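Here is a short briefing on one chain. Look over the sequence and the model first, then read the points below.

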Amino acid sequence: MQVQGVAGLLEKTIRYDQTAFIPLALGGAPIGFINQVWRERLLAHHGELFALQGGVMQLLATDMSYSERSTLLQAAAEAWRDAGWFSGWRNEKFIAYLPDGTPCFELERAAFRPLGLTSRAVHLNGLTRMPDGEVRMWIGRRSPFKDVAPNRLDNLMGGGVAAGESIMDALLREGWEEAGIPAAPLSPLQQQALLLATRPVARGLHREWLFVYDIWLAQGDIPQNQDGEVAEHVLMTLAEVEQHIINGQFMSDAALVAIDCMARLGYWGSQVAPVQVLLDEVRGTVGQNVQGK
């Protein structure tokens with residue numbers, strides 16, 4: 001076991017210079033975070049939408065309806081895309097929420113990071129118990145043709161929650177698309193963890209609540225990708241998963257989810273403390289209203 005190596009990787013994943021970002025607020029309620037580059041862009045080109053007040057970037061759309069706000073921000077995001085300010089346009093929308101859980105607008109998912117908005121995703125750990133009692137974990141390797149993180153290692157399944165979807169809707173959709181698991185074994189699953197993944201990225205700030213589920217697959221059950229986004233699934237020992245995490249072969253969010261699962265399985269035993277302390281920094285309470293946090 002290499003608990004110190006995992007703790008070191010985890011610390012680099014979850015801790016960053018928060019002073020590089022200022023809050024984004026709507027009607028005084030915090031909804032995102034913006035770095036210096038985007039601060040200057042928004043003030044220079046979208047003064048009708050954004051204003052800096054007391055060190056906080058205010059979104060000047062408090063008197064608009066959800067639909068009006070969504071339309072206005074989507075048009076702005078399209079202008080940012082056309083100006084070459086960011087890439088990776090997905091034609092898929094996420095919902096941004098106020099801290100009390102009220103939906104305030106929906107927006108192209110690629111524009112969430114420039115504004116540091118908090119998105120939501122579902123992740124599924126696939127576990128199998130071997131005849132000798134050893135627990136192994138199913139790990140996906142992303143397609144080499146993916147635009148984002150080709151060939152990187154992932155959980156059995158992971159994907160964003162689109163506008164109009166519930167958490168369970170996304171779990172059922174992604175579970176089938178990425179691993180070929182039908183609804184019947186997925187529907188009864190109970191959420192096992194809630195993790196807040198936050199890190200600076202080239203586009204801005206990635207903030208996403210990860211709704212984590214575990215599924216136990218029988219020996220001989222082999223996940224089958226349906227949408228071409230996963231090149232293969234490999235059943236790994238937990239020691240192999242640990243080594244790949246330390247080597248940096250996992251996607252950041254997937255590593256966080258796998259580490260949490262291994263801690264819950266008791267993989268590090270009494271040595272878990274350095275990892276547990278860091279996990280406690282990003283863990284939410286299962287079932288809490290996290291939309292806007």
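In which helix is the place of Glu 40? Glu 40 sits in helix α2, residues 36-45. The model is predicted: local features need pLDDT of at least 70, side-chain atom pairs count only at pLDDT 80 or more, and totals for chains, interfaces and linings use all residues. Residues are numbered from 1 along each chain as its sequence is written, and side-chain values use heavy atoms, with hydrogens and water left out.

**Overall architecture**

- The chain has nine helices and 13 strands. Both are DSSP runs numbered from the N terminus: helices are H or I with at least four residues, strands are E with at least two.
- The radius of gyration is 20 Å, close to the 19 Å that the globule rule gives for 293 residues, so the chain is as compact as a globular protein of that length. The radius is taken over C-alpha atoms, and the rule is 2.2 Å times the number of residues to the power 0.38.
- Along its principal axes, the C-alpha trace spans about 65 × 35 × 35 Å.
- Of contacts between residues at least 6 apart in sequence, 65% join residues at least 24 apart. A contact means heavy atoms within 4.5 Å.

**Surface and charge**

- Of the 293 residues, 51% count as buried. Buried means under 20% relative accessible area, exposed over 50%, and partly exposed in between, with a 1.4 Å probe and protein chains only.
- The chain exposes about 12,700 Å², and carbon and sulfur atoms supply 51% of it. Areas come from the Shrake-Rupley method with a 1.4 Å probe; for residues, only the protein chains shown count as cover.
- There are 24 positive and 33 negative charges, and their mean positions are 3 Å apart. Lys and Arg count as positive, Asp and Glu as negative; His and the chain ends are not counted. Each charge is placed at NZ of Lys, CZ of Arg, CG of Asp or CD of Glu.

**Helix α8**

- Helix α8 covers residues 252-264. At 1.5 Å a residue, its 13 residues should span 18 Å, and its end C-alpha atoms are 19 Å apart, which agrees. The expected span is 1.5 Å times one less than the number of residues.
- α8 is mostly covered, with 11 of its 13 residues buried. Among them are Leu 256, Val 257, Asp 260 and Met 262.
- Ile 259 is found in α8. Ile 259 is buried, at 0% relative accessible area.
- Leaving out residues up to four places away in sequence, Ile 259 touches Val 6, Leu 10, Ile 245, Trp 268, Val 275 and Leu 279.
- Ile 259 and Val 241 are 18 residues apart along the chain, and their C-alpha atoms are separated by 9.0 Å.
- Gly 266 follows α8 and has a positive phi, near 80°.

**Strand β1**

- Ile 22 lies in strand β1, residues 21-26. Ile 22 is buried, with a relative accessible area of 11%.
- Ile 22 and Val 56 are 34 residues apart in sequence, yet 6.0 Å apart C-alpha to C-alpha.
- Leaving out residues up to four places away in sequence, Ile 22 touches residues including Phe 33, Ile 34, Arg 39, Leu 52 and Met 57.

**Positive phi in loops**

- Most residues other than glycine have a negative phi.
- Asn 91 has a positive phi, near 55°. Asn 91 is in the loop between α3 (66-82) and β5 (93-97), and counts as exposed at 70% relative accessibility.
- Asn 151 has a positive phi, near 70°. Asn 151 is in the loop between β8 (135-142) and β9 (153-154), and counts as partly exposed at 38%.

**Back to Glu 40**

- Glu 40 counts as partly exposed, at 47% relative accessibility.
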